[in-house]
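Then we widen the view.

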Amino acid sequence: MDVKRETILRINKGDTNAFKLLYATYYTYLCAIAVKYVYKPEIAEEIVNDVFLNVWNNRSSLVYPVKAYLIRAVQNQCLSFYRKKRLEEVPVSDINGYVIDVHEQLICLESSPLACLENKELTDLISRAIDQLPAKCREIFIQHLYYNKTYEEIARMKNISSSTVRVQIKQGLSKLKVLLGNLYPVVCLLLDIFQK
């Protein structure tokens, strides 16, 4: 799946039919790459369309071969998406801050977060670490991260203050960081995926 050098030369000269061919050739493939990083098809489509718009606007500088360039452009747009999200979501919760960092690292490393989901050993390790949290902390932690409950919802459910919930979640994150070491950022990503 690659377009010919001649197609790129035609795009350089402003040939819209050649651009349509480039778009048709790579659109689905690039959307699949973007979904790997942003998880939402509609956002992936926006990112890919932005990349193609940028390609058209800078068509005179497009060079052959183009596939690697388009992949890197999509990855860069995904990074921009997360950096913008970080600015928009201030104040960001503790877990979401870590998750955004992990998303950015994965894009930069060109690794697939889905590979982590396929690793049963890792899943078991995470479960064992969560099981080691104190009972009250573990219950609150699981409600927030696995069931996507807000601090306020958990506070009402447990008949405690939302600040107590926040403290328990922070303590849970701190303990997991110690228990899991280098795997901690992966855990944050996985927990984020489970919430979606």
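Tyr 27 counts as buried because its relative accessibility is 19%, and buried means under 20% relative accessible area, exposed over 50%, partly exposed in between (1.4 Å probe, protein chains only). The model is predicted, so local features need pLDDT of at least 70 and side-chain atom pairs count only at pLDDT 80 or more, while totals for chains, interfaces and linings use all residues. Residues are numbered from 1 along each chain as its sequence is written, and side-chain values use heavy atoms, with hydrogens and water left out.

Tyr 27 sits in helix α2. Helices here are DSSP runs (H or I, at least four residues), as are strands (E, at least two), and both are numbered from the N terminus. What does Tyr 27 contact, leaving aside its neighbours within four places in sequence? The partners are Glu 45, Val 48, Asn 49 and Phe 52. Contact means heavy atoms within 4.5 Å. Glu 45 is 18 residues from Tyr 27 along the chain, and their C-alpha atoms are separated by 8.5 Å.

Tyr 27 also has an aromatic partner. Tyr 23 and Tyr 27 both lie in helix α2, four residues apart, about one turn of the helix. Their ring centres are 4.9 Å apart and their planes at 25°, so the pair is stacked. Rings of Phe, Tyr and Trp (its six-membered ring) pair if their centres lie within 6.5 Å; planes under 30 degrees apart count as stacked, over 60 as edge-to-face and the rest as tilted. Tyr 23 counts as partly exposed, because its relative accessibility is 28%.

How many aromatic pairs does the structure hold? There are four. One of them joins Phe 19 and Phe 52: the ring centres are 6.1 Å apart and the planes at 85°, so this pair is edge-to-face. It links distant parts of the chain, with Phe 19 in helix α2 and Phe 52 in helix α3, 33 residues apart. Phe 19 counts as buried at 15% relative accessibility. Phe 52 counts as buried at 2%. Phe 19, Tyr 23, Tyr 27, Phe 52 and Trp 56 form one aromatic cluster.

Now turn to the nonpolar cores. A nonpolar core is a set of buried Ala, Val, Leu, Ile, Met, Phe, Trp, Tyr and Cys residues joined through side-chain atoms within 4.5 Å. The largest has 30 residues, and Leu 22, Leu 30 and Val 74 touch the most other members. Helices α1 (5–12), α2 (16–38), α3 (41–57) and α4 (67–88) each supply at least two residues of this core. Helix α2 gives the most, with 11 residues. Not counting residues up to four places away in sequence, Val 74 touches Leu 30, Ile 33, Ala 34, Ile 47, Val 48 and Val 51. A second, separate core has 14 residues, including Ala 129, Leu 133, Ile 140 and Val 165.

Two further residues deserve a look. Ala 44 lies in helix α3. It is buried, with a relative accessible area of 0%. Beyond its neighbours within four places in sequence, Ala 44 is in contact with Cys 31, Ala 34, Val 35 and Val 38. The C-alpha atoms of Ala 44 and Val 74 are separated by 8.9 Å, and the two residues are 30 apart along the chain. Thr 7 is found in helix α1. Thr 7 is buried too, with a relative accessible area of 5%. Its contacts, again leaving aside neighbours within four places in sequence, are Ala 18 and Leu 21.

Next comes a pair of packed helices. Which angle do the axes of α9 (residues 151–158) and α10 (residues 162–180) make? They cross at roughly 110° and come within 8 Å. That makes α9 roughly perpendicular to α10. Axes are lines fitted to C-alpha atoms, for helices over the stretch in contact, and angles run from 0 to 180 degrees between N-to-C directions. Angles under 35 degrees count as roughly parallel, over 145 as roughly antiparallel, 65 to 115 as roughly perpendicular and the rest as oblique. Helix α9 contributes Tyr 151, Glu 152, Ile 154 and Ala 155 to the contact, and α10 contributes Ser 162, Val 165, Arg 166 and Ile 169.

Last, the whole chain. The protein chain has 11 helices and zero strands. Of its 196 residues, 38% count as buried. Among contacts with a separation of 6 or more, 66% come from residues 24 or more positions apart.
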